[in-house]
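Subject: Structure handover and first findings

Hello,

Here is the structure I promised you. Please open it in your viewer and keep it beside this email as you read.

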Amino acid sequence: MSNDNELRIAVVGAGPAGVYSSDIFLRQLKKTGEELGLPTKARIDLFEKLPVPFGLVRYGVAPDHPAIKYIADALEKTLDNPDIHLYCDVEFGRDVTLDDLMPRYDAVLFATGAVADRPLTIPGAELDGVHGAARFVEWYDGYPTGARTWPLDAEKVAVIGGGNVAMDVARELMRNADDLKNRTDIPDNVYEGIKANKARELHLFVRRGVAQAKFSVQELRELEKLPGVQIIINEDDFDLDEDTIEQAGKDKLTRQMVEELFAIREMAEDMEDDGGVDFEGNPADRKYYMHFNAAPSEVLGVDGKVTGLRVEHTETGADGVMRHTGEFTDYPVEAVYHAIGYKPASVPGVAYDEQRSVLANEEGRILAEPGFTAETGKSTVRPRLYATGWAKRGPVGLIGSTKSDALLIVGNMLQDFAADGKGGCVATDRDPESIDRLLASRGVKPIDFAGWKKVDAYERAEGAKEGREHKKVIDPDQMRDLAHG
């Protein structure tokens, strides 16, 4: 039945950005709707292309992050809201289009995230044994359409990147399979893959200095507790000048990261002094080298396969500007993983800003084209279309940034609704069941929140059989059978 006393919002993407935005929209509308001349209630339909929700939290973060469970629990509590309707297994651009949504919703918010790697653009990047982080993360996180096996036959591996994804990838490559299984929800294929992993030596290369890395303190603390792994550093990397130390101290997160890296330096020295041990003092059978001011310049190969990585020593000033020195070192490795950033996905019917790798937007308002026009000084805003999270700002920032984005975009949406003179209710088809009929007519069977709970219950039951809290289902058809059963 039609309801003209509530706003109708479509959100595309049920990861943290989409879920947080939905929750904040409902809260802000209830709080400020009346004074803005708007309804105080809304129905939000949340569309997700995968059979299950949570996006990055379930499929983009390493399974051994202790905070994952708490974030997923918080997202689930948000979804258990009668004003939020979950439509999983519905892909925007295939099952439903912008032309379908615009008549049925007062606004469409894109929270589509990122699934593709930024390309590695050095010679040799095409060699067999070079891997983008995104595909490897999909494998160990059990992404529904990801690989089911992974080549882990290299004894010496390199990881390129100075952020949290690089740290995740390196940690999983150094993980003990039994320790990982006991602590996480990894499926059997990932356990068997990591158990057979031959990697015994890993080199992490960060192009700039210790003070310019982008690791979180949490990531570094997880590195410090890897069973069977000796951490090895270069003392020269930690010889920071006073200007660099002063600059790092101006930002709280940077200061904390640098302090933690110096703690790792001391740990590495103790590990070496004790004869090559891990953090518990046990003999280490794997070595993890951290290299700063080290810019990979070429992947070396023979017969189409990786045999090494050529790295240039760099110098980084207090201002973060990197200088090339022309001094190179070759490291013999058989596999190279690059974690140099993700590229947010494009969306059918929405302009994409290739330069910024985001949906073309200005403060979350979707633009008709990227950049600015000479006539108006800015690109034309497309009414009722918005972007949040990585789709808006690119693949940077943590959960706190996602929440800040949501607050900004929701504020802009409410301002726009208040300014339209119609109370925001501009969709012509206000029947909330209209979208269900449309999807049914196309043979699309969405998975709702109750369906997700069936999948979750099964995963918990399977985990309990092995004394674990959870064991992830990875086959999308099995997810569908569980959800609809």
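Below is what turned up, taken region by region.

Keep one thing in mind from the start: this is a predicted model.

**The second largest pocket**

Start with the second largest pocket. Its volume is about 560 Å³. The lining is made of 26 residues. Find Pro63, Ile68, Lys69, Asp185 and His470, which lie nearest the centre of this pocket.

What kinds of residue line the second largest pocket?

Four helices each supply at least two lining residues: α2 (55-59), α3 (68-79), α7 (177-183) and α15 (449-464). Which helix gives the most to the lining of this pocket? That is α3, with 6 residues.

**Helix α3**

So α3 deserves a look of its own because its buried residues fall within an arc of 155 degrees, seen down the helix axis, and line one face of the helix. Those buried residues are Ile68, Ala72, Leu75, Glu76, Thr78 and Leu79.

An α-helix has 3.6 residues a turn, so residues three or four places apart point the same way.

What covers the buried residues of α3? The cover includes α1 (16-32), β2 (42-48), α2, β3 (84-88) and α15.

The 12 residues of α3 reach 17 Å from the first C-alpha to the last. That is close to the 16 Å expected at 1.5 Å a residue.

Step back to Val61, in the loop between α2 and α3. Is Val61 buried or exposed? The relative accessibility of Val61 is 19%, so this residue counts as buried; the cut-off is under 20%.

Leave aside the neighbours within four places in sequence. Val61 is then in contact with Leu56, Ile68, Asp141 and Asp168. One of these, Ile68, is also among the buried residues of α3. Another, Asp141, is buried in α5. Along the chain, Val61 and Tyr140 are 79 residues apart, yet their C-alpha atoms are separated by 9.6 Å.

Tyr140 belongs to the buried set of α5, along with Ala133, Ala134, Phe136, Val137, Glu138, Trp139 and Asp141. In α5 (residues 133-141), 8 of the 9 residues are buried, so this helix is largely enclosed by the rest of the structure. Just after α5 comes Gly142, with a positive phi of about 70 degrees.

Now go to α16 (residues 476-484). The buried residues here are Pro476, Met479 and Ala483. Seen down the axis of α16, they fall within an arc of 55 degrees, so they line one face of the helix. They pack against α2 and α15.

**The largest cavity**

How do you find empty space in a protein? Rolling a probe the size of a water molecule over the atoms shows where empty space is left.

How many cavities of 30 Å³ or more are there? The count is 1. About 30 Å³ of space lies in the largest cavity. Its lining consists of Pro151, Leu152, Asp153, Ala154, Val157, Leu173, Asn197, Ala335 and Tyr337. By class, 7 of these are nonpolar, 1 is polar and 1 is charged.

Look next at Pro296, in strand β11 (residues 294-302). Pro296 has 14% relative accessibility, so this residue counts as buried. Neighbours within four places aside, Pro296 is in contact with Ile122, Ile160, Phe205, Arg207, Leu309, Arg310 and Val311. Pro296 and Pro144 are 152 residues apart in sequence and 32 Å apart in space, C-alpha to C-alpha.

Asp303 is in the loop between β11 and β12 (305-316). Phi of Asp303 is near 55 degrees, a positive value in a residue other than glycine. At 77% relative accessibility, Asp303 counts as exposed.

Arg384 is not a glycine either, and has a positive phi of about 75 degrees. Where is Arg384? Strand β20 (residues 381-387) holds this residue. Arg384 is partly exposed, with a relative accessible area of 22%.

Best wishes

Definitions and conventions
Residues numbered from 1 in each chain as written. Predicted model: local features only at pLDDT ≥ 70, side-chain atom pairs only at ≥ 80, totals over all residues. Heavy atoms only, no water. 1 Å grid on protein atoms, 1.4 Å probe; cavity = no way out; pocket = protein on both sides within 12 Å on 5 of 7 lines; lining within 4 Å. Points joined across faces, edges and corners; volume = space filled by probe spheres on them. Expected span 1.5 Å × (residues − 1). Buried < 20%, exposed > 50% of the residue type's maximum accessible area, 1.4 Å probe, protein only. Arc of directions from axis to C-beta. Contact = heavy atoms within 4.5 Å. Nonpolar A, V, L, I, M, F, W, Y, C, P; charged D, E, K, R; others polar.
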